[in-house]
Amino acid sequence: MAVPDHIRKVPRPVNTIVEDNGRDGPNRFAVRERINTRYIPGGNPQPRNGKVIGHIRDGRFVPKQEPSSVAGPDMLSYGASAFVKSVSRDLLDDLMDVYPIKEAYTIMAIATLRIIKPSIVNGRLSSEYNRTFVCRDYPGIGMSANTISGFLQRLGQDGKKRQLFYQKRAARVASDHHVAIDGMLKQDTSTVNDLSAFSYKARIKGCRDVSVIYAYDIEAMEPICAEVFPGNSIDAVSYRSFILDNDIRSGIIIADKGFPPVRIIQELGDRPDLHFLTPIKRNDSRIGNNDMLSFDGVLEGIGDHVLYKKCYIKGGRYLYSYKSARKAAIEEGDYLARREKNKDFSGSKYENKRSIFGVIVFESDLDMDPKTAYLCYDERWMLELVFRQYKNDQCLDKTNVQGDFSLMGSEFINFIAAVTTCRMIGKARDAGLLSKMSYKDLMDDLSSAWRMVDAPEQPRSDDGCWVHTITCVFEELEALGLSIPVPRPEPKKRGRPKKEPTEQKPKRPRGRPRKNP
């Protein structure tokens, strides 16, 4: 097809021709370069055309450009994923000792994404994977919803590998550390798995639960192993099964008031190194008989003002009583607010309750330091909050993602996420960041730190490879060891600089000098 004359007259590079492909569009008139001439015996020389170097459009020559994102994005969110990776290397090593490397990468990738976005659903994993450095840390992972569903199913079916992984972690617990065993209920409205059932507490709420039993290192403050049980399973049965499955031979069972010590001894009497710590009711006669409200001292290094007392009682048991100043103020305020609302305040009743605000008393068969006993119960709430953070229950009613084995596989990944989060909280606390902001705000700040994908592996705050990262985020990255700091000039002091003192000349006497006599 002949090229219109006004197109051929548009200025373009020399030794080029214009071709008309006959289809309307921005690339209709292509400009090709002439690479050489072919000579034919007995005929005229024939030019040979090369590749397209541009197009004629809107009366001008437009050079050809490479298409966008040929090899993926050139920048990704860096800070949050780097924080996760900085504390989870040993978890990946343990996973690769048990699972094939691709499955280990998949477990760590999903766990990392759940940490970065705790409420993320399987259908959004792929987009979040491709916008963060997770795709660089754990490359080649299929993240479609169907792929993840099948993976969780296979992961949950292989209980032996999970136990082997847990045993490797349990073997590294320090000999002087205390292992606590505790349980929690997680809401689960699934209609397609047998683990979702009405617990005693859930019948009041009108929803089903699953029970998660876990062991954790009190001194390290991180979980060691975990297992999922039906929500209506009796505590004594679940605890015994968990202990036997994971071959736990020493530790402290943290029980609720509904799990009496007599039952614990009956169920676990064949393991003498397993002990219990359970709270007793505030109206228990042993509190008054042993004068447990007359405290002996204040615990140090708790972050709260906590009074304590320890007392030996009959039967080889110990009582540990504590009174938290912070919890006492909250309970007293709630009590007075209710009395004000109901208009039934009584001075005598108030004085009787005033002494037990913020008080909790434990019974145990183990002689231990009062601070250790308090941490066994107090720090468990942080772990329960961490576990509940990864509920991921937006798709529980879909059969292809939430059968019994899929739930077990998902909870195993949640366990990896919980261990990593505990370490991240500890690292941020040691860096002094959590005294300035919440953990959630810190993760939001770190997620805003984007970095070029071809940047040096060891980041520096001044390497020029960051994308719109602000100064306060650089300070957080540097405090966590995620970026090498650069020396910054000291802030200038306000006001005029003070002059250094100089030798003062003797003052000249005022008035006319006196005449010499």
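## Helix H7 and its neighbours

The buried residues of H7 pack against helix H4 (101-116), helix H5 (125-131), helix H8 (159-170) and helix H17 (404-430). Here, buried means under 20% relative accessible area, exposed means over 50%, and partly exposed is in between, using a 1.4 Å probe and protein chains only. This is a predicted model, in which local features need pLDDT of at least 70 and side-chain atom pairs count only at pLDDT 80 or more, while totals for chains, interfaces and linings use all residues. Residues are numbered from 1 along each chain as its sequence is written, and side-chain values use heavy atoms, with hydrogens and water left out.

**The whole chain**
- The chain has 19 helices and 16 strands; helices (H or I, at least four residues) and strands (E, at least two) are DSSP runs, numbered from the N terminus.
- Of the 517 residues in the chain, 44% are buried.
- Among contacts (heavy atoms within 4.5 Å) between residues at least 6 apart in sequence, 62% join residues at least 24 apart.

**Helix H7, from end to end and side to side**
- Helix H7 has 13 residues (145-157), which should span 18 Å at 1.5 Å a residue, and this agrees with the 19 Å between its end C-alpha atoms; the expected span is 1.5 Å times one less than the number of residues.
- Which residues of H7 are buried? They are Ile148, Ser149, Phe151, Leu152, Leu155 and Gly156.
- These residues cover an arc of only 165 degrees around the axis, so they sit on the same side of H7; the arc is that of the directions from the helix axis to the C-beta atoms.

**How helices meet H17**
- Two packed helices are described by the angle between their axes and the distance between the axes.
- The axes of H7 and H17 come within 6 Å and cross at roughly 90 degrees; axes are lines fitted to C-alpha atoms, for helices over the stretch in contact, and angles run from 0 to 180 degrees between N-to-C directions.
- For H8 and H17, the axes come within 12 Å and cross at roughly 20 degrees, which makes H8 roughly parallel to H17.
- On the H8 side, the contact is made by Arg162, Phe165, Tyr166 and Arg169, and the residues on the H17 side include Phe412, Phe415 and Arg423.

**Tyr99, a buried loop residue**
- Tyr99 is in the loop between helix H3 (89-98) and H4, and its 4% relative accessibility is why Tyr99 counts as buried.
- Leaving aside neighbours within four places in sequence, Tyr99 is in contact with Ala104, Ile107, Leu155, Lys161, Arg162 and Phe412.
- Tyr99 and Leu155 are 56 residues apart along the chain, and their C-alpha atoms are separated by 9.8 Å.

**Two exposed loop residues**
- Asp58, in the loop between strand S3 (46-57) and strand S4 (60-63), has a phi near 55 degrees, a positive value in a residue other than glycine.
- Asp58 counts as exposed, at 70% relative accessibility.
- Lys343, in the loop between helix H13 (325-342) and helix H14 (347-354), has a positive phi near 55 degrees and counts as exposed at 76% relative accessibility.

Key
Parallel < 35°, antiparallel > 145°, perpendicular 65-115°, else oblique.
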